Amino acid sequence: MNAHCYLPYPDSPVPHADNGPLGGLSFAVKDLFDVAGYPTGCGNPHKLAASGLKSSHAPVVRQLLEAGARFTGKVITDELAFSMTGKNAHFGTPRNGAAPLRIPGGSSSGSASAVSNGLCDFALGTDTGGSVRAPASHCGLIGLRPTHDRVSLDGCMPLAHSFDTCGWFARELNTFARVGNVLLGADASPLPALPRLLLATDLLALVTPSVREATRALLDELELLPTPVKGAVLPLDELYWAFRHIQGREVWENQGDFLSRHPVQLGPGVKERVAWAQTLDDGQVASAKQTAGDFAERFRALLGRDGVLLLPTMPDVAPLLSTSEEALEDYRNLSIRLLCLSVLSGCPQLSLPLLQIEGAPLGLSLIGPRGSDLSLIALARRLTGQRLS
């Protein structure tokens, strides 16, 4: 099968341990992480040309190899990881294994494609504004945005350092949990056996009627009775702009020097977002940081040490590949309003492939307190039974 997700780099041996907790599993790596003997192209031909072959692995890659996992190759990322569609203007669009006529979602598009097409057991991705959770939802996969700073991002291209995280994808929970045990370590804030389940009713107003209906039907089927909370995360427009302003400033801080020194040709959407990032002033960024800080404090208080928020991962199933760029940008902007909660709070969010609409998958998310990542995975197992095993 040609899923168009692996990059055609010359093969270079990447040894792994003969045995270990991940023995027998194979994995792909988003082309933001360094792998010894390979370039790191970051989804852009100019970055690729400037990269050269790396002499060492990113620590997270090394951890997986030492745990016995076998490296299968590097996979496509959206350009500079600054997109959410999975469509790279230079390297193409990886195939969505769960819905081939629909976008895979980005920016970890190649990672989600490799797993959803059965080409590896799990794959590394990054999530700044939704780049693991969106493709996990679109491609019918389990995906985690971990607690901020919990998994090392050394040896990985930075996008917006206040929000960047390292996550991963798998098709079933047993594999997903094995990877989590290697990468996460013990929870700093484990959940109790019976956490408080919350449902933010305001967020349901953002999703399509079919998503609302499917979500409520699933909760009934799972016999879950989450406590409705209203107004806990609003105003969403303010949070959206807080995220955009901080992200834009940090993107330019991290990538502006390279983009200024080289005649880099950026694809649609990415080009406009980079140009916009240069227009932000210090006052806008300072106000955004204040809004983000106030929200993080309020949201963490809502969750406490025992609360888990349930919500659809995305406002709808993946758009069709034929969708216009303008419509995709509108979808991205709406999606950020759902996705920015865990980004601004630093809390972990686990997307589970439990919903389906018109044959296309959609994720249901669990957001827990900071440091509860492994507990969220264990909770997912209890809530879903054999569905995802």
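Biologist: How are α8 and α9 oriented to each other, and why do you call it that?

Modeller: Helix α8 (residues 236-261) and helix α9 (residues 270-277) pack at an angle of about 95°. Angles under 35 degrees count as roughly parallel, over 145 as roughly antiparallel, 65 to 115 as roughly perpendicular and the rest as oblique. The two helices, α8 and α9, are therefore roughly perpendicular to each other. Before we go on, please note that this is a predicted model, where local features need pLDDT of at least 70 and side-chain atom pairs count only at pLDDT 80 or more, while totals for chains, interfaces and linings use all residues. Residues are numbered from 1 along each chain as its sequence is written, and side-chain values use heavy atoms, with hydrogens and water left out.

Biologist: What makes a stretch a helix, and what are the axes?

Modeller: Helices (H or I, at least four residues) and strands (E, at least two) are DSSP runs, numbered from the N terminus. Axes are lines fitted to C-alpha atoms, for helices over the stretch in contact, and angles run from 0 to 180 degrees between N-to-C directions. For α8 and α9 the axes are 8 Å apart.

Biologist: Which residues make the contact of α8 and α9?

Modeller: From α8 come Trp 241, Arg 244, His 245, Gly 248, Trp 252 and Leu 259, and from α9 come Arg 273, Val 274, Trp 276 and Ala 277. Contact means heavy atoms within 4.5 Å. By class there are six nonpolar, two polar and two charged residues. Ala, Val, Leu, Ile, Met, Phe, Trp, Tyr, Cys and Pro count as nonpolar, Asp, Glu, Lys and Arg as charged, and the others, Gly among them, as polar.

Biologist: What makes α5 roughly antiparallel to α12?

Modeller: Helix α5 (residues 173-183) and helix α12 (residues 373-384) pack at about 165°, with axes 10 Å apart. That angle makes α5 roughly antiparallel to α12. Residues that meet include Phe 176 and Gly 180 in α5, and Ile 377 and Arg 381 in α12. This contact of α5 with α12 has six nonpolar, four polar and one charged residues.

Biologist: How do you know that Thr 175 is buried?

Modeller: Thr 175 lies in helix α5. Buried means under 20% relative accessible area, exposed over 50%, partly exposed in between (1.4 Å probe, protein chains only). Thr 175 has 7%, so it is buried. Leaving aside neighbours within four places in sequence, Thr 175 is in contact with Leu 25, Asp 121, Phe 122 and Ala 170.
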